[in-house]
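Here is a short briefing to read alongside the structure. Take a moment to turn the model around, and then follow the topics below.

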Amino acid sequence: MSDPSPPLHANRDSMDAKVTRRIMPVLMVSYFFCYLLRQNVNNAHDDMIRDLGFTQEQYSNGIGAFFLTYITFQIPGNILMRRIRPSRWLGGLMVAWSVMAGCLCLVRTPWSLYVIRFFMGMTEAGFYPGLLYYITLWFPLELRPTRIAMLSVGGAVSGVMSGVLAYGILQMEGMLGLHGWQWIFILEATPSVLFGICTMVGLLPDHPSYFKSPQEAHARMSWLTLEEVSHHFYDTSHAPSCPPSSTNKDEHSINVSPSNVPPPSNAAWLLFMDIVRIVLTWRLWLLGIIMCMASTASYGLGAFLPTIYTENGLSEDVSNLLTTPVSIFSGVVGFLFAKMAEHYKMPRFGSIITSFVSLISWILFLCCMILPPFNSPLAVMITASLCTALCALSYPLWMAWMTSYLSGPSSALGVAFVNGIGNAGGIIGPQLLAYSLDVQQSYLWAIEVMTCLAILDWIFTSGLFIFEHQRKKHTARKAMKNKESAVNE
């Protein structure tokens, strides 16, 4: 027996506004702590290397160890989220990786750094793709770029706070026999654990589709009307308890059709079919590679930005503080671009513009590195900061573009699959910078490679947009001809 049709909601904008006010602050604070604890090892970089005697290569290996498991466990993490309520799953993950981040204060040898970062990546793997999947449950395609950009704002605020916090906490050097960098990990992990517990016990509402009926869901979320709860219960095409829906699908979206797969009782076969369809979708591969090239630059340059400042004459404390305006600029500009793309209803074309803006910043940085008239410490620091701020500018638009290919149960797996490919740059980027500094005795070689990646990013993004635009025009012409043939008959 088919499910009843979703009730028509008279004021969708009002409903989306209520959902935004209720869930986005929680998601933003969650991602604030996620980004803060993932990146605080960068603020402790110089002090850890000095106190523990690590080389640049060992430090970079520690960063890469995180991403080995972070990438590997993306899909398993989102498989579990399809079966566990988001509040419990996301909150539990938050507690787990916060505890592991706090354990970084125990690092004494390179291998202890590798092991802790390894398990931190494992516990955090399902978190960010889980946030993206959670957003797809609540919001239609056209509203996702701005909501994903709001997560980036949370990350940008953590970037602002991380530099300021690190500057203050490092002054605690020697207190209770601990180094300042050890206090960074302890003091920043503690509130994250507490917030994760609050998320688990009800701070983050579960989507109505995780309940047995709209009435049961409404009893747990009185901030929505029963009509609004019913709309989300029946109308979503992503939630685990709901049937596939045509709402907000891309014409090439991936879903498992009940007509060509075994009955739902064979969950393992359905899961296998989901994975096969995702792996065989070349557009998801291409978007993953595009995001991987961008994250290579983002994580690589971001990890070594304080070092670039110190090498150009600034103190360690001032270098940490200077990451603050970079994060502010990145968050504000990213949100404005996503908002404009949403307003003009063209997030895909917007990603071409943002990737081109990022490319220009890399060209400016490279020119300041190799051209004598511009090769001054101030110019290098300004352009390096600009690259760090702009290289992740397209992320919200790419992520929204990616979700347009996904619907039904495949959404959770597809998000994890693409995000996993994209985050491979977290391994490549720091290694490029470390190799360039240790072997080439300069980061010029790494900057040249990253500039080439930015060029490829823009070419691939533009090529995918042009391909889809032409395909859409061809489909429209074909539909028109079929319509004219039917009229003539």
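Helix α19, residues 425-438, has 14 residues and reaches 20 Å from its first C-alpha to its last, close to the 20 Å expected at 1.5 Å a residue. Please keep in mind that this is a predicted model. The protein as a whole comes to 20 helices and 0 strands, and buried residues make up 55% of its 489 residues. Among contacts with a separation of 6 or more, 79% are between residues 24 or more positions apart.

- In α19, the buried residues are G425, G426, G429, P430, L432, L433, A434, S436 and L437.
- Helix α3 covers residues 56-72, and its end C-alpha atoms are 25 Å apart; this agrees with the 24 Å that its 17 residues should span, because each residue is counted at 1.5 Å.
- The buried residues of α3 are Q56, Y59, S60, G62, I63, G64, A65, F66, F67, T69 and Y70.
- A handy reminder when reading such lists is that an α-helix has 3.6 residues a turn, so residues three or four places apart point the same way.

- I63 is found in helix α3, and it counts as buried because its relative accessibility is 6%, under the 20% cut-off.
- I63 and F118 are 55 residues apart in sequence, while their C-alpha atoms are 9.0 Å apart in space.

**The nonpolar core**

- The largest nonpolar core has 120 residues, and L27, Y128, W138, L151, W362 and F365 are those with the most contacts inside it.
- Helix α13, residues 282-311, gives this core its largest share, which is 14 residues.
- As general background, nonpolar side chains tend to be buried together in soluble globular proteins.

**W138 and H232**

- Which residues does W138 touch, leaving aside its neighbours within four places in sequence? W138 is in contact with R12, D16, V19, I23, P205, D206, H207, P208, M221, W223, L224 and H232.
- H232, one of those partners, has its place in helix α11, residues 226-235.
- H232 is buried, because its relative accessible area is 3%, under the 20% cut-off.
- H232 and P214 are 18 residues apart along the chain, and 8.7 Å separates their C-alpha atoms.

**Cavities**

- There are 6 cavities of 30 Å³ or more, and about 760 Å³ of space lies in the largest cavity.
- The elements giving two or more residues to the lining of the largest cavity are α1 (12-43), α8 (144-169), α13, α14 (316-343), α17 (395-403) and α18 (410-422).
- The lining of the largest cavity has 38 residues, and Y35, G155, S298, S330 and A392 lie nearest the centre of the cavity.
- How do the residues of that lining divide into nonpolar, polar and charged? The lining has 17 nonpolar residues, 20 polar residues and 1 charged residue.

**Two loop residues**

- L176 has a positive phi of about 55 degrees although it is not a glycine; its place is in the loop between α8 and α9 (180-203).
- Is L176 buried or exposed? L176 is exposed, because its relative accessible area is 72%, over the 50% cut-off.
- S376 and N312 are 64 residues apart in sequence, with their C-alpha atoms 8.9 Å apart in space.

Conventions. Residues numbered from 1 in each chain as written. Predicted model: local features only at pLDDT ≥ 70, side-chain atom pairs only at ≥ 80, totals over all residues. Heavy atoms only, no water. Core = buried A, V, L, I, M, F, W, Y, C linked by side-chain atoms within 4.5 Å. Buried < 20%, exposed > 50% of the residue type's maximum accessible area, 1.4 Å probe, protein only. Helix = DSSP H or I, 4+ residues; strand = E, 2+ residues; numbered from the N terminus. Contact = heavy atoms within 4.5 Å. 1 Å grid on protein atoms, 1.4 Å probe; cavity = no way out; pocket = protein on both sides within 12 Å on 5 of 7 lines; lining within 4 Å. Points joined across faces, edges and corners; volume = space filled by probe spheres on them. Nonpolar A, V, L, I, M, F, W, Y, C, P; charged D, E, K, R; others polar. Expected span 1.5 Å × (residues − 1).
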